[in-house]
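Me: I would like to go through this structure with you. Please have a look at it first.

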Amino acid sequence: MKRTVRIAIVADYNPKNKYHVATEQSVAHSAEALGIAANTHWIDTDTIEVESAEARLAQYDGIWCGTSRPDRSMEGALRAIRFARERGWPFVGI
């Protein structure tokens, strides 16, 4: 059985955005190359609340801050970045 990692993608998902599609493909290709499975979960920036950010983001093995600005909530995106930076959490950002 393959090891599975959970990746939070923090961005306001739009299935018509080619960069969002490419982000999911990048995670899938990377996981395949490493011989693991990856589950991605998109988190809209305007749903990352001050009170729940830590508990919510801690559920994931890594965080990817997605492309295509502006976000609905820059503060939400910054909360995710701060969470990763302050805890040494695996993080990819553009």
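Me: How much space lies in the largest pocket?
Reply: This is a predicted model, and its largest pocket holds about 240 Å³ of space.

Me: Which residues are the closest to its centre?
Reply: Val5, Ile7, Val27, Gly62 and Val92 are the closest to the centre, out of 16 residues that line the largest pocket.

Me: And which element gives the largest share of the lining?
Reply: That is α1, with five residues. At least two residues each come from β1, α1, β3 and β4.

Me: How does the lining divide into nonpolar, polar and charged residues?
Reply: Twelve residues of the lining are nonpolar, three are polar and one is charged.

Me: Turning to the sheet, what is the strand order?
Reply: The sheet is open and has four strands in the order β2-β1-β3-β4, with parallel pairing. β2 (37-43) and β4 (91-93) each have a single partner strand, so one side of each lacks a neighbour in the sheet. From one strand to the next, the twist averages 20°.

Me: How many bridges join β1 and β3?
Reply: Four bridges pair β1 (residues 4-10) with β3 (residues 62-65) in the parallel sense. Within β3, Ile63 is the bridge partner of Ala8.

Me: Which strands does α1 lie across?
Reply: Helix α1 (residues 18-34) lies across β1, β2 and β3, and runs at about 155° to β2.

Me: What about α3, and at what angle does α3 run to β3?
Reply: Helix α3 (residues 74-87) runs at about 140° to β3 and lies across β1, β3 and β4.

Note on methods: Residues numbered from 1 in each chain as written. Predicted model: local features only at pLDDT ≥ 70, side-chain atom pairs only at ≥ 80, totals over all residues. Heavy atoms only, no water. Pairing = 2+ DSSP bridges. Axes fitted to C-alpha atoms, helices over the stretch in contact; angles between N-to-C directions. Contact = heavy atoms within 4.5 Å. 1 Å grid on protein atoms, 1.4 Å probe; cavity = no way out; pocket = protein on both sides within 12 Å on 5 of 7 lines; lining within 4 Å. Points joined across faces, edges and corners; volume = space filled by probe spheres on them. Nonpolar A, V, L, I, M, F, W, Y, C, P; charged D, E, K, R; others polar.
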